[in-house]
2 protein chains.
Amino acid sequence: MNTDTIDMPATEPARRRERGGRNARRELRSHGPEGHGGPYIVRNIPTYDILSEENLVRIEETADRILAEIGIEFRDDPAALDLWRRAGARIDGVLVRFEPGMLREILKSAPAEFTQHARNPANSVRIGGNNVVFSPAYGSPFVMDLDKGRRYGTIEDFRNFVKLAQASPWLHHSGGTICEPVDVPVNKRHLDMVYSHIKYSDRAFMGSVTAEERAEDSIDMARIVFGRDFVEQNCVILGNVNVNSPLVWDATMTTSLRAYARANQAAVVVPFILGGAMGPVTNAGAIAQSLAETMAGCALTQLERPGAPVIFGNFLSSMSLRSGSPTFGTPEPAIGSMVVGQLARRLKLPLRCSGNFTTSKLPDAQAMNEGTMSMLAAVQCGANFILHAAGFLDGLLSMSYEKFVMDTDFCGALHTYLDGVKIDDNQLALEAFREVGPGNHFFGSQHTLANYETAFWDSEIADNENYEKWEAAGSHDAAVRANRRWKKVLADYVEPPLDPGIDDGLKDFIGRKKAGMQDSWY
Amino acid sequence: MNTDTIDMPATEPARRRERGGRNARRELRSHGPEGHGGPYIVRNIPTYDILSEENLVRIEETADRILAEIGIEFRDDPAALDLWRRAGARIDGVLVRFEPGMLREILKSAPAEFTQHARNPANSVRIGGNNVVFSPAYGSPFVMDLDKGRRYGTIEDFRNFVKLAQASPWLHHSGGTICEPVDVPVNKRHLDMVYSHIKYSDRAFMGSVTAEERAEDSIDMARIVFGRDFVEQNCVILGNVNVNSPLVWDATMTTSLRAYARANQAAVVVPFILGGAMGPVTNAGAIAQSLAETMAGCALTQLERPGAPVIFGNFLSSMSLRSGSPTFGTPEPAIGSMVVGQLARRLKLPLRCSGNFTTSKLPDAQAMNEGTMSMLAAVQCGANFILHAAGFLDGLLSMSYEKFVMDTDFCGALHTYLDGVKIDDNQLALEAFREVGPGNHFFGSQHTLANYETAFWDSEIADNENYEKWEAAGSHDAAVRANRRWKKVLADYVEPPLDPGIDDGLKDFIGRKKAGMQDSWY
């Protein structure tokens, strides 16, 4: 039986709070950078469904045939193979084949919606259904800003991005490996990263997946924060695991995936498919492959622990025919996302999509053209958890300070967008037309005075002044304004209080773990 | 009776041509800047409908009450008032009120779809239904580029933009007042502008609306090109007329609108509503107002000449609460467009929306964030004729050479986007999975070789190279690449042949007209 909810909604979501009226929204607006919007968005517009039932079934049948006739390899993880064997899959060495319908049956135990708890309960997020959660970009080795250009990320950069995320009212999640802190040994990074999320943010976050023991450490740190019993019953941490596409799951990922599931925590299962390389160059085929790979990964979590929360992920992209390079933010993955959204809803699983994709090396016109197309696709297709919602440049190789605040600003605009067009007597404004009449101005009308404070999204990055004022202020482009903006947000950042007992417990845990390790740099 | 079509489709549209397979699309791709894509797009994805029937009816009822209880002024055009009187409207001075349902009844004679013929028949466009036509921006007094900054537009700039539009395979229409040629006297501009469209482009175009006699001159010039009898039976020119919102039609616009309709040519009827100024600050109210104003204008064309083609237009925007300035490319008009699209389809009228809106003063991240959001809304909401698809900066005050080629490139991406996700055996690629198998690469597969040339959109502006190659090439942003691009496109431009007899006829007409005028500069 598919459980629609495994626990109660944590808090009033953003939209409902805003609906509290003018004062509520004004309060939301007037927050400084240290303030918060709602903990997540409840969408007020339908998803954008582009494919017919008949064509969706054809994709599902193709995925079923890939699973039954070609199969998926599960390498170097005998325990995973054993779970598949007991579930009735056909095993041939490391190759696992699945009868049509078998994975769908297993997936019925996965919740359609669940709450990921934050250490500040007001920031807990509801993942699934009509809910939308924005999370920063993930995994870049480099960082960049206009002052110092591109360089490897450090733990200081990592902390800065956690602080910038925490300070934005338009993100809902602290993310995971916001950038790689390359000044910390590889085998110790996860400890410092998870600690930074807990220390500098009071939002929900993600743990490590780069080795089973690092996944376990991440979950153990969450247990220090939330208590062992609470963690056993509730989701408090996510782990983002990637398929080694095409059709291969490696042990690093399956053992981490199983560690999260075992602890009743949510794995995010993500095939990374660059069409023409790890999948076919045709969109429908790449989507069918993605569906097959995700279903297998999600089902494995249910074999490990039936009922564990899990998120249906995807990451489709294309390549340039001229340069042979990967491309991001192009039209094929954008329109493909709409189909992925339909498929995820037919499986009744929460959906993860990627947000603000681009290959641009600067926070320029290309970056926001590609990023906006990609991010709009994510919200329109019904994604519940949007990773890479802020900061992404250079095909995920760099986190940009300027792009980060541009993107969080756009996330704010999307709060308004997802609220749709509201219909009631006040919104329809017939009285205002009676008051103003033909040829007159609405500026001073009662209706305008009663509504203007909640009326329009107002960007912190866009310059809407006239040309002369803009010129007098220095003729700056958006990147220069974003450069000023992130510095101000960082300077104004206020650390959320953390129970000293928990802080000491975490430091003690990290100290003991590190004492038992030799530094490893690969 | 609503006429679904008033004539036959002119030519094979873009999508169908592309469907001709690999060679057809490669041919499309391999065209140089002097080449063409398809003459227009036939969308292969549904529109994005966000509002319920019940809420759409509430908006329509509000529009009906505005029309019946408040009314619309038709100033200084006794002939228009006379048409309304004979149609049964209630007249009180210049104020006209309409019984609910009256305008809908009149609008039944307007065609749901029509062809606008181009002087090159291969470029004729079908407006309405599932067809999408991209047209350049319209009406800026200034032009700008990275080399010379902002200055007033000249007739040379005007010709340059006509050439850049003609050279793009991704636009379908030559537009109208692409920029104001301020070096030409105001009362003579329309002659030089219409001549430039005919001389330097062989696509469909728009005429003047700034005075009734200028509208007549524009149509007379079209008669020289197409022949008087052909123009009497077929649409060959559009005129974009604006409502003086709220709820006022001025004589300049209604006399021009009636001139186009009288000649069986298409008026594009566009309320310009900046919420809080020319309309209420609430989105639903502004949409209801827009519907009321457009219905009145469209219906007037049908009173002037039943069956004349007409386009349902809209231009909604918001304002900044901080600066009091107009804003463009914001989320409220983007999501509002989806509702406008639903309303236009319920009236069975072709829809015009605006494309690439922004208040940015540079072709930067803000420009493409706002522009992309706005342009995607236009294509998703089902707009058939998208004005301002390329070049728009600074709240329509400037045409930018760099932004123009960025936008035409994005128009190319939207050809792929609107083609959707195709489902057939080749696209589903099951054979490719059989060939490649788990863990292997698709690069050299038969399926990739057979499909890669048609596989992915490849931008001419985006840089997808790796960071090191990009750095070695000069670390340029998209604006610098666009600067190079427009210069190359302009240098490579090839003038389409024009019958010398027609050219002489036009020059003779213009000479005679100008000889009878004193220069006027306002």
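Visitor: Hi! Which residues are buried in helix 4 of chain B?

Guide: In helix 4 (residues 78-87) of chain B, the buried ones are B:Ala80, B:Leu81, B:Leu83 and B:Trp84. Buried means under 20% relative accessible area, exposed means over 50%, and partly exposed is in between, using a 1.4 Å probe and protein chains only. Helices (H or I, at least four residues) and strands (E, at least two) are DSSP runs, numbered from the N terminus.

Visitor: Before we go on, what sort of model is this?

Guide: It is a predicted model, where local features need pLDDT of at least 70 and side-chain atom pairs count only at pLDDT 80 or more, while totals for chains, interfaces and linings use all residues. Residues are numbered from 1 along each chain as its sequence is written, chains are lettered from A and ligands numbered from 1 in the order in which they are written, and side-chain values use heavy atoms, with hydrogens and water left out.

Visitor: Which residues have the most contacts inside the largest nonpolar core?

Guide: A:Trp84, A:Phe98, A:Phe134, B:Trp84, B:Phe98 and B:Phe134, in a core of 329 residues. A nonpolar core is a set of buried Ala, Val, Leu, Ile, Met, Phe, Trp, Tyr and Cys residues joined through side-chain atoms within 4.5 Å. Leaving aside neighbours within four places in sequence, A:Trp84 is in contact with residues including A:Phe74, A:Phe98, A:Met102 and A:Leu303.

Visitor: Two chains, then. How can chain B be laid on chain A?

Guide: By a turn of 180 degrees and a shift of 0.0 Å along the axis, with an RMSD of 0.0 Å. The two copies are thus related as by a two-fold rotation axis. In chain B, the C-alpha nearest that axis belongs to B:Ala365, 2.1 Å from it. The superposition is by least squares on the C-alpha atoms of residues with pLDDT of at least 70 in both copies.

Visitor: Through what do the copies meet?

Guide: Through the same surface, because 100% of the interface residues of chain B are also interface residues in chain A.

Visitor: Switching to strands: how many residues of strand 15 of chain B are buried?

Guide: In strand 15 (residues 315-319) of chain B, 5 of its 5 residues are buried.

Visitor: Which strands are joined to strand 15 of chain B?

Guide: Strand 13 (residues 266-274) of chain B runs parallel to strand 15, joined by 3 bridges, and B:Leu274 has B:Ser317 as its bridge partner. Strand 16 (residues 326-327) of chain B runs antiparallel to strand 15, with 2 bridges, and B:Met319 stands opposite B:Pro326. Two strands count as paired if DSSP finds at least two bridges between them. The hairpin of strands 15 and 16 of chain B has 6 residues between the strands, and B:Gly324 takes a positive phi near 75 degrees there.

Visitor: Is B:His388 buried or exposed?

Guide: B:His388 counts as buried, at 3% relative accessibility. Its phi is positive, near 60 degrees, in a residue other than glycine.

Visitor: Last one: how many disulfides are there over all chains?

Guide: The count is 0, taking a disulfide as a pair of cysteine sulfur atoms within 2.5 Å. For B:Cys179, the nearest cysteine sulfur is that of B:Cys411, 18 Å away. B:Cys179 is buried, with a relative accessible area of 0%.

Conventions
Contact means heavy atoms within 4.5 Å.
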